Amino acid sequence: MFRFILGTAGSGKSRYCLEQITSLARNGKETVIVVPEQTGFTYERELVARLPGVLGSRTRVMSFRSISRFILRECGGSARGRLGDAQKT
């Protein structure tokens, strides 16, 4: 299932997501949470604290960039090399 969590700053979106992920992991479910690049480490740190050991391995935190790479690697399309900064310019 794919679910969007929307709300204003300070409305409890992050807390809600972490509570739901914790509950799913404790019930044996695997989850992937897609977050902006700059918040990935924060979510990983919080999940490690909430889900020690095996429970933490049931949850993946991915940025938009890392999920794109994962999809390309799993579904094809990454056979071509990526452009470097000089080539992009």
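Which exposed residues does the face of H1 turned away from its buried side carry?

**Whole chain.** Start with everything shown. This is a predicted model. The chain has 89 residues, and 18% of them count as buried. Colour by secondary structure: there are four helices and two strands. Following the sequence, they run α-β-α-β-α-α.

**Helix H1.** Select residues 13-26, which form H1. The helix has 14 residues. From first C-alpha to last, H1 reaches 20 Å, close to the 20 Å expected at 1.5 Å a residue. Next, pick out Cys 17, Leu 18, Ile 21, Thr 22 and Ala 25, which are buried. Look down the axis of H1: these buried residues fall within an arc of 130 degrees, so they line one face of the helix. An α-helix has 3.6 residues a turn, so residues three or four places apart point the same way.

Turn to the face away from the buried side. Here is the reply to the opening question: Arg 15 and Arg 26 are the exposed residues there. The buried residues of H1 pack against S1, H2 and strand S2 (59-63). Just after H1, stop at Gly 28, whose phi is positive, about 85 degrees.

**The core.** Select Cys 17, Leu 18, Ile 21, Ala 25, Ile 33, Val 35, Tyr 43, Leu 47, Leu 51 and Val 61. These 10 residues make up the largest nonpolar core. Helix H1, strand S1 (31-35) and helix H2 (40-50) each give two or more residues to this core. H1 gives the most, with four. In soluble globular proteins, nonpolar side chains tend to be buried together.

**Val 61.** Stay in the core and centre on Val 61. What is Val 61 in contact with, leaving aside neighbours within four places in sequence? Show Ile 33, Val 35, Gly 40, Tyr 43, Glu 44 and Leu 47.

**Val 32.** Finish on strand S1, where Val 32 lies. Is Val 32 buried or partly exposed? Val 32 is partly exposed, because its relative accessible area of 49% falls between the 20% and 50% cut-offs. Val 32 and Met 62 are 30 residues apart in sequence, yet their C-alpha atoms are 7.0 Å apart in space.

Technical notes
Residues numbered from 1 in each chain as written. Predicted model: local features only at pLDDT ≥ 70, side-chain atom pairs only at ≥ 80, totals over all residues. Heavy atoms only, no water. Core = buried A, V, L, I, M, F, W, Y, C linked by side-chain atoms within 4.5 Å. Buried < 20%, exposed > 50% of the residue type's maximum accessible area, 1.4 Å probe, protein only. Contact = heavy atoms within 4.5 Å. Expected span 1.5 Å × (residues − 1). Arc of directions from axis to C-beta.
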